[in-house]
Each structure stands twice: as C-alpha cells, then as structure tokens.
Amino acid sequence: MPENSEHVRLVYRQMVMSRVMEMKLSSLYKAGKIVGGVYLGKGQEAISASLGSCLQRGQDVFAPLIRDQAGRIAFGESLLDTTRTYLGSALGPMRGRDGNIHRGRPLEGNPAMISHLGTSLSVVTGMLFAKRMKGELAGKVGATCIGDGGTSTGAFHEGLNTAAVEKLPLVVLVANNQFAYSTPNDRQFACDNLLDKAIGYGVAGHYVEGSDFLASVETLCHAVEQARQGGGPQLVVADLLRLNGHGEHDDGAYVPDQIRHSKLGRDCLDVGREQLVSTQLATEEEIDRWWEEAREEVQQAVTTAQMEPKPDPYKEEWSALANQDYRNRPV
Amino acid sequence: MPAAPSITYIDAIRDAQRDLLAEHPEVFVYGQDVGKFGGAFKATQGLQEAFPSQVYDSPISEDAMIGLAIGAAIEGMHPIVEMQFADFSSVAFNQIVNQAATHYYRTGVPIPLTVRMPCGGTPGSGPFHSQMVESIYSHYPGLVVVTPATVADAYCLLKEAVLAKDPVIYCEHKFLYRWLKAENYRGDDLPIGKARITRPGKHATVVTYSAMVHEAVRAADRLSEEGWEIEVVDLRTVKPLDTDTVMASVARTGRLLALGEAFPWGGVTAEVVARVVQDGFHLLDAPPQRLNSRDTPVPYHPNLWAAHRPTPESICDKLRQLLTL
C-alpha cells in the first residue's frame, strides 16, 4: 500500500459523504423543504475533496464555490452547518440571513462565498497577506475554487494577478466542467487550454482529469505542497463534467450526449471505487459500509436541523453594522 | 502674533494615517502609487519610509484591492485602501457593496475597512476624475459614509473610521486638499454620526456636507448683507444621518435647503428632504428645496465645471427663492 493510503481512503470517504448529502439535499429541494436553490457538485467530488483534505482548518484558508460540498466536508465543515444553512435553522452559522452554498466560518479560515464569481481570489489573497504581515504565514496555504465561466471575470484576473505579484501561497482550482450554466467553453474563452493562463500570470500550473480519483488526490496535494513550500500561487485546471444541472431546477439538457458518454462524463466515485479496490486500498465491503455510515450521519444532520427553530423576524436584529454606537443612531 | 494657518486638509489626512500606523500595528495602507511615490495627491507621502511593513503599492486592480483588504480585515487587520480617484471605485463596487457591506450581517464577522475616496471636482478634471460617491454608497446597508469638510474633521473622522469595526467610505474632497487650512487639528471631536451647526442663523437652514459647506457659508455671508441670517448644518457623516440636528435646525428656521455636489437624482439631499417632510412637516413654513449638481457627467472645461456644481451665486438664488416662498 502507498504511504498516503490512509489519506486516499479518507478523501474517498469524504466524497461518499458529500454525494450522499447532495442526493439528500436534492430530495429535500424537490419535496419543497428547501427554499431558494440547490447547486450540486456531482462529478466534481474528487478534485474538491482532494483540495479540502490537503488543508488544515484553523491554519489554512479555504474559500469554496458552489460545487464544493466535498471540499467543505474535507476541510472540516460539519454536516450540521450544511443542513442548518439549507434548511434555514436559526442555529446555523448564517442564521437564516444567507442560505445554501453561501455559508462559512471566516474566523476558522472558511470565508462565506458571495454569488459574484472570482471575488474569492482576492479575499483569500488578503487573508494570506494579513498572515504574512502578522508573521504567521510560514507553512500556511490559501485555496479557492472556481469554474470555467468564472475565469472570464475581471475579479479572477485581478485576484490571481495580485496573488502572483505578492507571491502568496494561493491555490486556485479551476473545475472546467465544460459549461458555465448552459454556455460551452467555446463561448467562454478562446485559449487552447485554461492552463495556459498560468504562464500569463507567472504562476505554476497543474492539470488533472477531474474524474480520475487517484490522479486528483495526487495533483491537488502536490499543488498545495508546492504552495506550502513557498512556490507561490498555483493554478490547477481539472477537466470534467458536472453530472447534474446548474442547479436542481435545471436538467442540463444542453449537454450533448456525446460529451456525457465520453471520458469526461465518468463519475469520479465509480472511478475511485474501482481504483481503491484494484489497488487494494479498500474492499468492496468497506466501501459499501462507508455509504451506509454516510446515510446515517446525513439523515441525523437533516433531522436535527429540521427540528430546530427558524429565524424570527420579530427577534431579528435588523442592523447590518457591527458598531453599537452607529447601530443606535437612526439610519 | 498667532501663526498663520498652515495645516492643510490633505496634511490632516496624511497625519491621521501616520498616527494610526504608528499606534496600531493592525493598520496598513494599500493602494496605487501610495508607497515610495506617496500617492497621486501625496496623501501618503513619507509613510512607506516611516512604516515599510505597513504601506504597500497595489496593482491597478480596484476590485482586488478591496477584496484583499476584506480578506485582511477578516484576519483582524484594519486596512486603509486609497482609491486613486473616487470615480475608480466603480470598478470595486461589487467588492464594496456585496462583500464588505454584507459581511457582518451574513457572518457576524465585522470588516473594519476604510476606503479613502478622493472625490469631487476640480477645474479641468473632467467626467472621470470628479465624481461624488457618497450618495451611491449610502444606499447600501452595512456601510458608513463620512464626508469631512474641515481640517479637524478630516483628521478625527479618519482616525475614528479606521478604528471602527464597520466598513467606512471616507469621502475626502480634492478641492479642499490644499486650499483649506487650519492652525491645528483640534476641533470638537464630534464622533461619526453627529452633524455640526457651522453657522447659526434663524431665517433658513442649509443642510450640506463636504466642500459645499464652504460654498454655503459664502452664500450665507452674502445674504447676511441683505439682512438674512442663514443657518448652515454640516452633516459630516451622511450615513448614519444625524436627523435630530437637522430637525432641530429646521424647527428654529422653518425653511430648508438641502445642498450637495452629487448628481441630482435621489441621494443625500433627497434623503434629507424626505426625512424632514416625513417627521417635521409641521415645522416647515415653505416647501423644502434641493440644490445639487446638474444631471450631466461632470464637464471638463472650467467654465462648464463651475456652472455644473452649486456655487455661492446659485445657492443665494435658491435661498432667496426659499425665503420668499
């Protein structure tokens, strides 16, 4: 068994947990139990969990995007934070003030995303910048995720360029799932490969097939390690396909069958299972047990959040300011 | 013989930053050309030399400048971002209103960020180096917006802004940078959120802020020759807005002119009038009036620029009209 076998097994279990959670979220949405949207990362678990699993909560920074349930779990987000936010529990980190994937615990190195793509690159850069000013940066890494569509934003450009200028340990994972909502790559960018952007920004570049579980673990951990060792920003591009619509309201009918049935359309959980079994890192029975355990844990987290109080508009503190003096004055 | 006033408005801004950097290691300055060069207007001159680990040049990336500052603020720092011109903050608008302004409400983690906005016109600056931004940012929950009009306020409001927990849009008027002088920074040290009566009067109230305070005082001087006593209220902070001081003044005078340099649609002057009408309709002896810039981009030529923003003449005209209504 390779020396990182425990880590590889852990990443796969996190992927299983994520898939089970997302299937449950989808059911709850379709049953009308979740308001707003549900945005899933089916098919992107391998890269997402690989990245999250290489980071240390409380030390590193991880700013996930909408398809990073697996990465969130791998970075140590509790299942309750997920279910409480989706189900609008007043006890969750967002307390009903924000929902679904817009959740986080910034003081634990886990910023809560806004919907505007690319904005997290500079925010994570700033967190690393501050750690450097405080003399606490050594050995730490910040990571964030984006999609193919997000690379077209000005914020992506400004953020990555700034991180490169400052030579900060920022890992940017681009999940190129071929479609930004319905827009295909050829209407999104004109370069041959998104990885070419690394050259332009003066940062290291890495490529991986996102459905290849073992390759994803290896590539992401290598990129994170390079950043940790002082190698500056790392751009990781993963080609894959999201195996669901943009959100659960969308059937993804715009994805041609040809792509669905290509190598891109493989399910990283199937590929990973095969890889684990064939390399004897896990047995079929073990993996089945992981699924069973995940179902129980997810159900528990859903049940708990469902029984909790919802936010009360009569008790809500309707102020967006932290400073008590300003809050007490009329707006 | 007392020394001639020699401390300028921009000196106050520079010295407030110097004092903050010296006293608070969590404060840092970030922006385009703010380092060795000392900033486009020299508002950070000498600061990098004195505090090399707290003053940094940024790329021309307004979005990322604010994003970086937000990240640093999450980590407990108190960043001061200099927008080279307030106009360019439109590029950072998203990070300011969607990331910084929503952060505390959403997550419970405050963002003690100050954005210095060199705003307002000077002759020849044209459409993209002259804009006022206080109205647009005041619209968003989660932001504090200050508009100092005096040397002492430039100093004390900046110090309070940077140490405050919330994101503060600090609007510094470029026209005042070198023209406005004082002997020292000592003022009444009113906090953020408190307006000041700059000039007492009894026939009408002008509620204004930033450089327009001085234009209003000039207009009031002229009208005093005609026997009118005009009260000038300097809001100092447009959000939170000190409605109490405004209302008390209108209660004394019965007439209101809300005066600002921003574009006329909506904004601070409309907000002032709306509040007075809503809560103090019975105090009014005449319909409240507004005077703003014209509803065009800020023009380049000094002749056009001077007529685009309110002037002592146009303020006097408006006040005479108000006084006879």
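Contact here means heavy atoms within 4.5 Å. This is a predicted model, where local features need pLDDT of at least 70, side-chain atom pairs count only at pLDDT 80 or more, and totals for chains, interfaces and linings use all residues; side-chain values use heavy atoms, with hydrogens and water left out. Residues are numbered from 1 along each chain as its sequence is written, while chains are lettered from A and ligands numbered from 1 in the order in which they are written.

**Figure 1. Chain B as a whole, with its 11 helices and 14 strands.** Helices (H or I, at least four residues) and strands (E, at least two) are DSSP runs, numbered from the N terminus. Of the contacts in chain B with a separation of 6 or more, 82% come from residues 24 or more positions apart. The C-alpha trace of chain B spans about 60 × 50 × 40 Å along its principal axes. Its radius of gyration is 19 Å, which agrees with the value near 20 Å that a compact globule of 325 residues would have; the radius is taken over C-alpha atoms, and the globule rule is 2.2 Å times the number of residues to the power 0.38. Buried residues make up 63% of the 325 in chain B, where buried means under 20% relative accessible area, exposed over 50%, and partly exposed in between (1.4 Å probe, protein chains only). Chain B has an accessible surface of about 11,800 Å², and 56% of that belongs to carbon and sulfur atoms. Those areas come from the Shrake-Rupley method with a 1.4 Å probe; for residues, only the protein chains shown count as cover.

**Figure 2. Chain A as a whole, with 12 helices and seven strands.** The radius of gyration of chain A is 20 Å, close to the 20 Å from the globule rule for 331 residues, so chain A is as compact as a globular protein of that length. Its C-alpha trace covers about 60 × 45 × 40 Å along the principal axes. Buried residues account for 59% of the 331 in chain A. Take the contacts in chain A between residues at least 6 apart in sequence, and 73% of them join residues at least 24 apart. Chain A exposes about 13,600 Å², with 50% supplied by carbon and sulfur atoms.

**Figure 3. Where chain A meets chain B: helix H6 (residues 154–166) of chain A and helix H3 (residues 62–74) of chain B.** The two axes come within 8 Å and cross at roughly 65 degrees. Axes are lines fitted to C-alpha atoms, for helices over the stretch in contact, and angles run from 0 to 180 degrees between N-to-C directions. The crossing of H6(A) and H3(B) is right-handed; that is, the near helix is turned clockwise from the far one by less than a right angle, with anticlockwise being left-handed. On the H6(A) side sit Ala155(A), Glu158(A), Gly159(A) and Thr162(A), which meet Glu62(B), Asp63(B), Ala64(B) and Leu68(B) in H3(B). Sorted by class, this contact has three nonpolar, two polar and three charged residues. Ala, Val, Leu, Ile, Met, Phe, Trp, Tyr, Cys and Pro count as nonpolar, Asp, Glu, Lys and Arg as charged, and the others, Gly among them, as polar.

**Figure 4. Helix H2 (residues 45–53) against helix H8 (residues 213–228), both in chain A.** These helices pack at an angle of about 35 degrees, with their axes 8 Å apart. H2(A) and H8(A) make a right-handed crossing. H2(A) brings Ala46(A), Ile47(A), Ser50(A) and Leu51(A), and H8(A) brings Phe213(A), Ser216(A), Val217(A), Leu220(A), Cys221(A) and Val224(A). By class, that gives eight nonpolar, two polar and no charged residues.

**Figure 5. Helix H8 (residues 243–253) of chain B and its cover.** The buried residues of H8(B) are Thr243(B), Thr245(B), Val246(B), Met247(B), Ser249(B), Val250(B) and Thr253(B). Their cover includes strands S9 (196–199), S10 (204–208), S11 (230–234) and S13 (256–259), plus helix H9 (267–280), of chain B. Pro240(B) lies in the loop between strand S12 (237–239) and H8 of chain B, and the peptide bond from Lys239(B) to Pro240(B) is cis, with omega near 0 degrees.

**Figure 6. Two non-glycine residues with positive phi, Arg95(A) and Ser210(B).** Most residues other than glycine have a negative phi. Arg95(A) has phi near 55 degrees and sits in the loop between H4 and helix H5 (119–133) of chain A. Its relative accessibility is 27%, so Arg95(A) counts as partly exposed. Ser210(B), with phi of about 55 degrees, is in the loop between S10 and helix H7 (212–224) of chain B. At 1% relative accessibility, Ser210(B) counts as buried.
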